[in-house]
Amino acid sequence: MADAQIILAYSRTRGIVAVASGEKYGSAGKALVESGFQRGEAGVYCLPAEDPGVSRATVAGLVRRAETLGATVTTSSRRFIGDAADDIARLLPGQWETQVELYCHPVWQEDLVPWLWDSGELVRAVQSERIPYAATLTLTDGTSETTLLLVERPGHQLDYLVGAFSPSPFEEGYGGPHAPASIVLPPFPGRAARAITERYLPAFDRALHARRTTAVADALDRIRSEYRAWTAMVASGRDSDATPLSFDALGTATAQFLDTTWREFLTVTNHAPALMDRCRPTATLWSGDAEALAQLTVALTNAETVRENLARGARLTPAERNALTWPAVETWLTYGEVFLRQARAASPQPRPAIAATAPPRVLPSARPAPHR
């Protein structure tokens with residue numbers, strides 16, 4: 001691929017658009033500006049609406065100027081990625097916000113990999129193929145953050161790939177054992193939206209449920225391990241290096257244990273509430289778990305109150321914080337397995353179905369919408 005490349009596409013609202021790409025993408029951008037293109041939203045260059053003959057002449061001039069600056073010009077076989085994302089987003093249930101992302105320099109594309117939560121073709125394509133641009137679709141009215149990444153499928157003339165970024169409060173998602181697999185989308189907005197709604201989002205929700213459950217289970221296991229080590233040390237009267245345990249050493253070890261426990265318990269407070277909302281003990285073989293779940297819910301509420309107070313700058317000494325949070329931790333150590341079996345028996349609530357009818361199409365002849 002050339003060190004400097006210009007990719008032209010047609011946008012329903014913007015007319016002819018262009019993306020500068022390559023290690024020397026600055027040269028491509030210079031050719032665009034000198035030929036009459038204007039740099040607009042998200043770094044996409046646009047050719048102001050003109051007579052078709054003038055536009056053809058401008059593009060012909062661009063080709064000549066690009067050659068002078070060492071850049072190549074290609075025309076995309078697809079419509080502008082922003083239009084494709086907008087059309088799909090309008091048909092998905094809920095409110096979705098779209099945004100075009102450019103990866104002009106190849107290195108920028110590499111930054112995507114750690115944050116993609118995918119086990120399918122999308123992450124492999126991002127790792128091995130050149131993807132100079134993409135679009136994100138972010139659900140803005142849901143309780144669970146969902147941000148999808150839409151890219152043109154490399155090696156194909158029309159298809160797209162869609163996958164997801166790792167949701168908050170998780171950080172990096174690459175390589176995770178629960179990652180859902182991206183899917184191939186057709187170039188038709190209605191079919192693409194239906195595939196996302198009926199296939200991808202349910203798989204994403206199941207994967208997120210499993211990932212949250214595993215996160216809580218792992219955090220509780222680490223807390224139990226720390227607790228066993230601490231109680232064994234207290235019972236033996238000796239430090240980890242087998243020396244006699246002094247009063248000061250005991251105090252230091254206890255403070256460290258409680259600090260570690262609180263940090264681990266934050267994982268529980270991050271993920272357990274969403275799982276708790278899905279637990280239906282009366283629908284399982286363990287209907288008697290309802291009382292334990294109620295105690296766990298109260299413990300979560302108390303811990304979250306402490307967390308919010310600390311976030312607002314409340315002045316709590318470590319001892320005061322531990323006195324408020326340890327009862328909650330202890331409750332979760334007692335009934336954690338009850339919660340986990342209920343969480344594993346639960347399933348995510350289905351999202352709303354796709355609308356039966358599509359919204360009116362915006363015709364190419366309609367007046368262009370103003371840039372946001």
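Predicted model: local features only at pLDDT ≥ 70, side-chain atom pairs only at ≥ 80, totals over all residues.
Local features need pLDDT of at least 70, side-chain atom pairs count only at pLDDT 80 or more, and totals for chains, interfaces and linings use all residues. Residues are numbered from 1 along each chain as its sequence is written, and side-chain values use heavy atoms, with hydrogens and water left out.

Start with helix H8, residues 290-311. Helices (H or I, at least four residues) and strands (E, at least two) are DSSP runs, numbered from the N terminus. The expected span of a helix is 1.5 Å times one less than its number of residues.

Which residues of H8 are buried? They are Ala292, Leu293, Leu296, Ala299, Leu300, Ala303 and Val306. Buried means under 20% relative accessible area, exposed means over 50%, and partly exposed is in between (1.4 Å probe, protein chains only). Seen down the helix axis, the buried residues of H8 fall within an arc of 140°, so they line one face. The arc is taken over the directions from the helix axis to the C-beta atoms. An α-helix has 3.6 residues a turn, so residues three or four places apart point the same way. The buried residues of H8 pack against helix H7 (247-276) and helix H9 (318-345). Contact here means heavy atoms within 4.5 Å. After H8 comes glycine 313, with a positive phi near 90°.

Another positive phi belongs to a residue other than glycine: alanine 42, near 60°. Alanine 42 sits in the loop between strand E3 (38-39) and strand E4 (45-46). Its relative accessible area is 39%, so alanine 42 is partly exposed.

Now the interior. A nonpolar core is a set of buried Ala, Val, Leu, Ile, Met, Phe, Trp, Tyr and Cys residues joined through side-chain atoms within 4.5 Å. The largest nonpolar core has 43 residues, and Ile88, Leu137, Leu148, Leu150 and Leu185 touch the most other members. Helix H6 (residues 189-236) supplies the largest share of this core, ten residues. What does leucine 148 contact, leaving aside its neighbours within four places in sequence? The list is Trp96, Ala135, Thr136, Leu137, Val162, Gly163, Ala164, Ile196, Tyr200 and Leu201.

Next, charge. Side chains of opposite charge can pair when their charged atoms come close. A salt bridge is a side-chain nitrogen of Lys or Arg within 4 Å of a carboxyl oxygen of Asp or Glu. The count is 15. In one of them, arginine 12 meets aspartate 87, with the closest N and O atoms 3.0 Å apart. This pair links distant parts of the chain, 75 residues apart: arginine 12 is in the loop between strand E1 (5-11) and strand E2 (15-21), and aspartate 87 is in helix H3 (residues 81-91). Arginine 12 counts as buried at 16% relative accessibility. Aspartate 87 is buried too, at 12%.

Arginine 78 and glutamate 152 form another salt bridge, 3.6 Å from N to O. Arginine 78 lies in the loop between strand E5 (72-75) and H3, while glutamate 152 lies 74 residues apart from it, in strand E8 (residues 147-152). Arginine 78 is buried at 10%, and glutamate 152 is buried at 14%.

Glutamate 121 and arginine 153 also meet in a salt bridge (2.9 Å, N to O). Glutamate 121 is in helix H5 (residues 121-128) and arginine 153 is in the loop between E8 and strand E9 (160-164), so the pair ties together parts 32 residues apart in sequence. Glutamate 121 is partly exposed at 24%, whereas arginine 153 is buried at 16%. Shared partners join Arg12, Arg79, Asp87 and Arg90 into one network of salt bridges.

Last, the rings. Rings of Phe, Tyr and Trp (its six-membered ring) pair if their centres lie within 6.5 Å; planes under 30 degrees apart count as stacked, over 60 as edge-to-face and the rest as tilted. There are nine aromatic pairs. Tryptophan 230 and phenylalanine 257 have ring centres 5.2 Å apart and planes at 10°, so the pair is stacked. Tryptophan 230 is in H6 and phenylalanine 257 in H7, 27 residues apart. Tryptophan 230 is partly exposed at 23%, but phenylalanine 257 is buried at 6%. Tyr227, Trp230, Phe257 and Trp326 form one aromatic cluster.
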